[in-house]
Amino acid sequence: MKALSLVSWGMVMLAPALFAYAYFVYPLLLRVCPWVRPFKYGADPISIASDDAWPFVSISLPAFNEESRLGDTLESLLSLDYPSDRMEIVVISDASTDRTDEIAAGYSGRGVRLIRLPERGGKVAAENFGASALKGTLVVNTDATIRIPPDSLKPLIRPFKSPEIGVASGRDISVAAGESETNQAESGYVGYEMRVRELETRAGGIVGASGCFYAIRAELHRPPFPPHLSRDFASCLVAREHGLRSVSVNDAVCYVPRTASIAREYRRKVRTMARGLATLTYKRHLLNPFRHGLFAWKLFSHKLARWLVPITAPLMLVGLSILVLTTEEVLPVYMLLGGLVAALLGLGGMRASWTEKAPNLLSSLGYVFAANLAGIAAWGQFIRGTRSAIWEPTRRG
């Protein structure tokens with residue numbers, strides 16, 4: 001009975017311990033540990049003497065049925081503060097069936113190129129298809145759902161003055177979609193994530209780039225990548241395999257509209273986490289601390305430890321139930337009741353804000369509950385071996 005009690009308490013404590021470590025202890029260690037030495041990429045990564053000194057960059061814009069937004073996106077990219085003769089914009093149409101191709105072709109006179117896949121293959125397949133046609137020494141990856149301020153591209157490119165940098169990731173800022181104020185909890189999470197990446201950059205580099213806005217050396221981008229995996233996450237892993245670092249650049253801002261409802265955010269999280277798990281499995285050798293040291297620790301702490309939290313939460317309820325049934329202790333009873341109440345509040349918050357705005361506190365509880373539910377669903381897809389390369393873009397405002 002004592003052994004069963006110990007095992008049950010272990011099940012109870014695993015989820016909160018992982019949560020506390022991944023979201024609080026790990027960032028604290030990045031900040032205070034003496035063995036995490038501040039890293040500066042290059043002696044002078046800021047000043048570039050003239051326009052001719054800027055590298056030639058290719059802006060890669062995969063798109064599937066983006067007729068409602070593509071024109072605005074291209075106008076935004078064409079207004080970037082970067083030498084026009086050192087930049088190309090390439091729209092890679094994933095066999096779009098609307099006016100996406102027509103709109104992109106209409107910008108050919110302003111230096112925009114269109115590449116079309118013969119049949120739909122998904123975002124990574126589109127990037128694979130277009131990679132060999134990109135002329136730049138650096139590839140800037142973005143999409144039609146976000147906006148990049150005119151002064152954000154140069155800061156993203158400056159770190160590459162240092163030969164040890166392989167990837168530079170922008171700083172996402174979550175903004176309301178149009179006049180909608182739904183799903184505000186997403187903004188808090190995005191801000192937290194950007195602060196963690198800033199700490200990781202100081203500690204030698206990040207382990208995952210922002211899929212909305214990141215740059216990578218062309219030689220790292222050109223090799224084809226399995227289409228069912230996550231290329232933005234893998235970009236930092238590939239850079240590590242080549243002995244290069246990846247950094248987050250605070251001045252390289254991009255505005256990311258929040259998804260209009262928790263329903264869409266839930267589906268996005270399931271998709272991105274399932275692909276992330278598959279990508280981490282594909283590059284699992286980088287989790288070896290004996291070969292990859294600090295990078296392996298950061299990869300485990302930032303990615304795997306977070307992803308384990310959702311599937312350990314049900315174990316906590318199982319462990320508490322066992323303790324309630326097999327012991328006379330009062331604490332497990334109160335803990336179980338508290339957990340059930342929290343779950344019910346989270347479920348209620350998720351239902352209330354599934355398709356529309358709910359009060360902030362209720363919406364935040366719903367966001368957390370939906371995120372954990374999405375994590376469980378993603379693990380289910382991963383364990384079943386469900387792999388889908390077809391790209392369903394997140395429809396933001």
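Here are legends for a few close-up views of this predicted model.

Residues are numbered from 1 along each chain as its sequence is written.

**View 1. The whole protein, to get your bearings.** You'll find 12 helices and 7 strands here; these are DSSP runs numbered from the N terminus, with helices (H or I) of at least four residues and strands (E) of at least two. Of the 397 residues, 53% count as buried, where buried means under 20% relative accessible area, exposed means over 50%, and partly exposed is in between (1.4 Å probe, protein chains only). Take the contacts (heavy atoms within 4.5 Å) between residues at least 6 apart in sequence: 81% of them join residues at least 24 apart.

**View 2. The open sheet.** Follow the 7 strands across in the order E3-E2-E1-E4-E6-E5-E7, and you'll see that the pairing is mixed. Two strands pair if DSSP finds at least two bridges between them. At the edges sit E3 (112–116) and E7 (245–257), each pairing on one side only. From one strand to the next, the twist averages 20°. Angles like this run from 0 to 180 degrees between N-to-C directions, and axes are lines fitted to C-alpha atoms, for helices over the stretch in contact.

**View 3. Zooming in on E4 and E6.** Strands E4 (residues 138–142) and E6 (residues 213–217) run antiparallel and are joined by 5 bridges. Look for valine 139, which stands opposite isoleucine 216 in E6. Helix H6 (residues 185–202) packs on the sheet, where it touches E5 (165–175) and E7, and its direction makes about 155° with that of E5.

**View 4. Helices H8 and H10 side by side.** The axes of H8 (residues 231–241) and H10 come within 12 Å and cross at roughly 165°. That's why H8 and H10 are called roughly antiparallel: the label covers angles over 145 degrees, with under 35 roughly parallel, 65 to 115 roughly perpendicular and the rest oblique. Among the residues that meet here are Phe233 and Leu237 in H8, and Phe295 and Trp307 in H10.

View 5. Isoleucine 311 is partly exposed, with a relative accessible area of 31%. Its C-alpha atom is separated by 9.7 Å from that of glycine 380, 69 residues away along the chain.

How values were computed. Predicted model: local features only at pLDDT ≥ 70, side-chain atom pairs only at ≥ 80, totals over all residues. Heavy atoms only, no water.
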